[in-house]
Each structure stands twice: as structure tokens, then as C-alpha cells.
Amino acid sequence: MTTTEQSPTPVARLAMLTLDAAEVEPLARFWEAVLGWPVVALTEDYAMLQGPSNALGIGRIPDYVAPTWPDDGHKQFHLDLAADDVEVAARRCVELGAVRADPQPGETWVVLLDPAGHPFCISAAANWG
């Protein structure tokens with residue numbers, strides 16, 4: 001679709017993305033620190049962080065298995081984050097409990113794994129317009 005074409009009428013809007021985890025609170029606190037979104041609900045089985053237009057949920061799954069890296073063809077999705085300084089943001093995420101993924105597949109972004117093993121990328125905010 002070009003920018004001159006009209007967008008289709010939406011069926012729905014994305015309200016929340018939910019991540020699975022073995023433990024809810026540590027992952028909720030990690031994403032709270034990374035995104036700056038407050039935790040608005042927290043139990044042993046579930047947490048919700050509220051962002052400016054969307055929410056991030058975390059649900060406890062007793063037999064949780066983290067995605068593999070590099071992708072073995074089963075990874076369902078990953079989050080893309082924008083930061084003014086990619087390396088500074090990546091170092092801070094590592095301080096908060098993330099792990100730098102190995103191998104790194106690109107030169108303009110950094111792939112990290114959150115404390116539950118979910119991959120996410122940080123790239124330059126300027127690239128997102």
C-alpha cells in the first residue's frame with residue numbers, strides 16, 4: 001500500500017500484548033524499568049503494565065519454555081524498541097537483567113533477551129521517524 005492509498009477500516013485496535021513467563025513479578029519489574037510504564041496490576045499469576053496507548057501483560061505459565069536464539073523457526077514475535085542511543089539503552093537493559101543475544105544479526109540494532117528469554121531489539125529512534 002502506498003501512502004496515497006486509503007487505509008482499510010480497522011476491525012479492532014491493539015490493546016495489549018501479553019508475554020508468557022515462569023515468574024510474573026521479576027519480568028514485570030524488568031519491563032517497568034525498561035519502558036517506564038507503571039505496573040497497574042500484579043498477582044502471582046498475572047501483571048499488567050500501562051503504556052500511553054497500549055498495555056503489556058505478563059502471564060504465568062507453569063511449564064514455560066523460553067524462545068530459542070538464534071531463532072529456530074518457532075519464535076512467534078519480538079518487540080522492537082526505539083532509543084536515542086542504542087548502546088546506552090542496551091547496556092542499561094543488561095544492567096536490569098537482559099542478556100545480549102549471540103549471535104547479533106545486524107549492525108544497526110542490538111538483540112537482547114529479557115529475563116524470561118523473550119528476544120527484543122533496540123534500534124535508533126531516528127530510524128522510526
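**Entry 1: aspartate 114**

I looked up aspartate 114 and found it in the loop between β7 (109-113) and β8 (119-124). Helices and strands here are DSSP runs, numbered from the N terminus; a helix is H or I with at least four residues, a strand is E with at least two. The model is a predicted one: local features need pLDDT of at least 70, side-chain atom pairs count only at pLDDT 80 or more, and totals for chains, interfaces and linings use all residues. Residues are numbered from 1 along each chain as its sequence is written, and side-chain values use heavy atoms, with hydrogens and water left out.

Is aspartate 114 buried or exposed? I noted that aspartate 114 is buried, at a relative accessible area of 3%. Buried means under 20% relative accessible area, exposed over 50%, and partly exposed in between, with a 1.4 Å probe and protein chains only.

I then checked the side chain of aspartate 114: one of its polar atoms lies 2.8 Å from the backbone nitrogen of alanine 116.

Leaving out residues up to four places away in sequence, I listed Leu19, Leu27, Phe30, Trp31 and Phe120 as touching aspartate 114. Contact means heavy atoms within 4.5 Å.

**Entry 2: the aromatic rings**

I turned to the ring pairs. Rings of Phe, Tyr and Trp (its six-membered ring) pair if their centres lie within 6.5 Å; planes under 30 degrees apart count as stacked, over 60 as edge-to-face, and the rest as tilted. By this rule I have 3 aromatic pairs. One of them joins phenylalanine 30 and tryptophan 31, edge-to-face, at 5.1 Å centre to centre with 80 degrees between the planes. Another joins tryptophan 31 and phenylalanine 120, also edge-to-face, at 4.9 Å centre to centre and 65 degrees between the planes.

Which parts does this pair tie together? I found tryptophan 31 in helix α1 (residues 24-35) and phenylalanine 120 in strand β8, so the pair connects parts 89 residues apart in sequence.

Phenylalanine 30 is buried. Tryptophan 31 is buried at a relative accessible area of 1%, and phenylalanine 120 is buried at 0%. I recorded Phe30, Trp31 and Phe120 as a cluster linked by ring pairs.

**Entry 3: cis peptide bonds**

Most peptide bonds are trans. I noted that the bond from tryptophan 69 to proline 70 is cis, with omega near -5 degrees. Proline 70 lies in the loop between β4 (55-60) and β5 (79-83).

The peptide bond from aspartate 102 to proline 103 is cis as well, with omega near 10 degrees. I placed proline 103 in the loop between β6 (99-100) and β7.

Note on methods
Polar contact = N/O pair within 3.5 Å; in protein donor to acceptor, adjacent residues only side chain to side chain.
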